[in-house]
Amino acid sequence: MATLELRNVNKTYGSGLPDTLKDIQLSIKDGEFLILVGPSGCGKSTLMNCIAGLEHISGGAILIDDQDVSGMSPKDRDIAMVFQSYALYPTMSVRENIEFGLKIRKMPQAAIDEEVARVAKLLQIEHLLARKPAQLSGGQQQRVAMGRALARRPKIYLFDEPLSNLDAKLRVEMRTEMKLMHQRLKTTTVYVTHDQIEAMTLGDKVAVMKDGIIQQFGTPQQIYNDPANQFVASFIGSPPMNFIPARLARQEGRLLALLDSGQARCELPLGLASDDLDGREIILGIRPEQIALGAGEGNGLPGIRADVQVTEPTGPDLLVFVTLNQTKVCCRLAPDVACRVGDSLNLQFDPARVLLFDAASGERLDVSTANASVKDNVTHFKSR
Amino acid sequence: MHSPADKPALSLGRLAIHAVLLLAVVLYLVPLVVMLLTSFKTPEDISTGNLLSWPTVVSGIGWVKAWGTVSGYFWNSILITVPAVLISTAIGALNGYVLSMWRFRGSQLFFGLLLFGCFLPFQTVLLPASFTLGKLGLASTTGGLVLVHVVYGLAFTTLFFRNFYVSIPDALVKAARLDGAGFFTIFRRIILPMSTPIIMVCLIWQFTQIWNDFLFGVVFSSGDSQPITVALNNLVNTSTGAKEYNVDMAAAMIAGLPTLLVYVVAGKYFVRGLTAGAVKG
């Protein structure tokens with residue numbers, strides 16, 4: 001049970017080399033579940049190793065319960081970690097694996113036995129205690145690795161892509177179990193993943209990273225609904241957000257984005273904004289589920305007719321691809337929509353939910369729309 | 001459709017393969033058979049019969065005489081080989097552990113330089129080693145030979161262990177560090193128990209090298225401290241009296257037996273250990 005705070009953490013592997021971590025700043029409260037998410041090579045695993053003490057930081061401070069642990073060795077930080085490869089000790093039985101850390105810490109044997117029994121019951125691995133890791137399936141090894149971390153009752157759990165070695169079905173099962181486990185134990189947790197679904201489903205807080213910089217830090221809903229830049233918007237969400245290049249025009253003081261499907265045109269009103277956006281190349285961000293099938297012209301939302309090029313029925317949804325402004329756009333429609341390739345559909349957008357990004361930098365552009373209140377307490381980190 | 005259990009047909013090709021293999025076996029076994037047969041013959045028998053003839057009287061006199069001559073040197077060899085093998089293997093394991101899992105600045109260079117030791121010809125170290133042993137007061141002692149063999153063997157043992165340990169995931173050491181284990185605890189409790197195959201490879205390699213060594217033995221020892229290889233040479237190359245081939249052969253068998261024994265006992269680990277790094281899991 002602990003809070004975790006990172007203050008301007010920097011990490012470099014030598015002068016002249018690019019920084020692996022740049023000015024990482026975030027804090028989570030006691031019992032919160034923090035997700036570090038990003039593409040491979042973004043520094044998320046390095047950051048986790050730094051929190052664990054397996055690597056030294058080059059600058060800044062790491063605080064656990066307001067105590068600076070930056071200079072401490074891993075064993076003094078009271079942290080347990082689950083590795084992607086599980087890192088079970090191959091020559092030891094499951095019981096010995098779980099006991100190892102307790103024995104090193106000189107816990108009396110009676111207490112160790114009690115702890116092993118508790119953890120084994122919690123993870124339902126009682127029948128596996130005598131086996132060696134090589135005799136376990138991937139899912140069982142994963143449980144043992146978690147058991148080893150749980151047995152120590154540390155202040156903070158670190159999970160380094162713990163589900164990525166499991167097959168798809170088991171991964172979904174274990175994801176739910178992890179969430180259940182965290183709801184029961186309420187231990188502060190840091191979880192590294194490159195899987196945006198894990199990030200959305202598990203986290204209380206999500207930090208999206210790229211090139212050693214936190215792009216955005218907030219709740220999953222903030223990250224999803226109000227991304228700080230085009231990278232965050234593209235990384236979170238499946239199927240990903242559509243990015244449609246467009247030119248802005250001003251008409252009677254209101255900003256308009258022009259859309260062209262080849263057979264029709266439409267003007268998307270974007271609200272009031274400062275003058276310097278006039279005539280600029282921007283990118284519209286529209287999530288597939290924010291594109292709806294227009295029944296008629298009755299509801300007042302802007303719409304456009306477009307030809308269906310590909311359909312992908314996924315079961316719960318029907319993904320329909322059309323072309324707008326020479327860009328492939330995915331629309332997530334109800335599965336019972338009857339449409340075939342070549343059909344012309346009337347698609348509608350809610351202008352209030354369309355996001356604007358600068359075409360050059362990918363930064364989010366602020367447009368004072370009617371629902372500007374969505375953007376409340378999000379922390380935006382500008383990339384340098 | 002053939003199931004794998006089906007017996008293959010006895011074809012001409014298969015017969016040819018077996019014939020060639022049989023020939024190879026005979027070819028390799030003939031020297032051993034000649035040695036064994038000769039060692040059990042009497043000197044008269046040797047001078048009258050041919051090399052492959054069965055002894056007219058099976059006599060142990062050659063073995064008794066041979067043992068009487070070389071037994072002292074046999075123990076010398078054991079006194080040199082056993083400590084040298086154990087010490088060089090132990091240090092090699094520790095070196096390999098550090099060079100693969102606790103890398104320090106310049107450790108790659110260090111390892112590269114150490115590898116040169118594998119390519120150094122024996123002859124180049126004779127004079128410096130002799131000088132060093134003299135300064136240390138270890139000249140012509142079994143202790144001195146142990147030291148020379150340990151130092152010379154370190155390059156090989158370090159290479160073996162380092163290459164074995166780089167295939168072990170770093171996460172194991174990280175996990176153990178988070179569990180609170182230190183440098184030596186991790187080595188003793190986690191790494192060493194995983195090392196059986198490579199320890200076996202190292203023991204066999206070092207045992208064979210050191211037991212069979214002649215050059216270091218002949219240069220750095222004299223008189224009663226000589227290893228059995230040198231003693232065997234002295235026995236066989238003696239120019240006085242009649243040649244006792246049965247004694248020579250028996251002594252050669254005695255000199256070769258320990259390495260044979262090591263291969264028989266630990267041979268299965270040798271192949272397993274040499275291929276251990278190649279296959280994951």
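**Cores, a sheet and a chain contact**

Visitor: Which residues does A:Leu158 touch, leaving aside those up to four places away in sequence?

Guide: In this predicted model, A:Leu158 touches A:Met48, A:Ile51, A:Ala52, A:Ile79, A:Met81 and A:Val190, once residues up to four places away in sequence are left out.

Visitor: And which residues touch the most other members of the largest nonpolar core?

Guide: That core holds 142 residues, and A:Leu36, A:Met81 and A:Leu158 are the ones that touch the most other members. Helix H6 of chain B, residues 142-165, gives the most to this core, with twelve residues.

Visitor: What lies apart from it?

Guide: Another core lies apart from the largest one, and its 15 residues include B:Phe74, B:Ile228, B:Met249 and B:Ala250. As a general background, nonpolar side chains tend to be buried together in soluble globular proteins.

Visitor: Switching to contacts between chains, how many residues of chain B are in contact with chain A?

Guide: There are 14 residues of chain B in contact with 17 residues of chain A. On the chain B side, helix H7 (170-178) and helix H8 (183-191) each supply at least two residues, and H7(B) gives the most, with six residues.

Visitor: What kinds of residues are on that side of chain B?

Guide: The side of chain B that touches chain A divides into nine nonpolar, two polar and three charged residues.

Visitor: OK, the sheet in chain A with S15, S20 and S16: in what order do the strands run, and is the pairing parallel or antiparallel?

Guide: The three strands form an open sheet in the order S15-S20-S16 of chain A, and the pairing is antiparallel. Strand S15 (291-293) and strand S16 (303-307) of chain A each have a single partner strand and stand at the edges, so one side of each is left without a neighbour in the sheet. Neighbouring strands of this sheet are turned by 40 degrees against each other on average, with direction ignored.

Visitor: Over how many bridges do S16(A) and S20 pair?

Guide: S16(A) pairs with strand S20 of chain A, residues 344-349, over five bridges in the antiparallel sense; for A:Ala306, the bridge partner in S20(A) is A:Leu345.

Visitor: Last one, B:Leu113: buried or exposed, and why?

Guide: B:Leu113 counts as exposed because it has 11 C-beta neighbours inside 10 Å, where the cut-off for exposed is 12 or fewer. B:Leu113 is placed in helix H4 of chain B, residues 107-119, and, C-alpha to C-alpha, B:Leu113 and B:Ile190 are 28 Å apart in space while 77 residues apart in sequence.

Conventions: Residues are numbered from 1 along each chain as its sequence is written. Chains are lettered from A and ligands numbered from 1 in the order in which they are written. This is a predicted model: local features need pLDDT of at least 70, side-chain atom pairs count only at pLDDT 80 or more; totals for chains, interfaces and linings use all residues. Two strands pair if DSSP finds at least two bridges between them. Helices (H or I, at least four residues) and strands (E, at least two) are DSSP runs, numbered from the N terminus. Axes are lines fitted to C-alpha atoms, for helices over the stretch in contact, and angles run from 0 to 180 degrees between N-to-C directions. Two residues are in contact if their C-beta atoms, placed from the backbone, lie within 7 Å. Ala, Val, Leu, Ile, Met, Phe, Trp, Tyr, Cys and Pro count as nonpolar, Asp, Glu, Lys and Arg as charged, and the others, Gly among them, as polar. A nonpolar core is a set of buried Ala, Val, Leu, Ile, Met, Phe, Trp, Tyr and Cys residues joined through C-beta atoms within 7 Å. A residue is buried if 20 or more other C-beta atoms lie within 10 Å of its own, exposed if 12 or fewer, and partly exposed in between; C-beta atoms are placed from the backbone.
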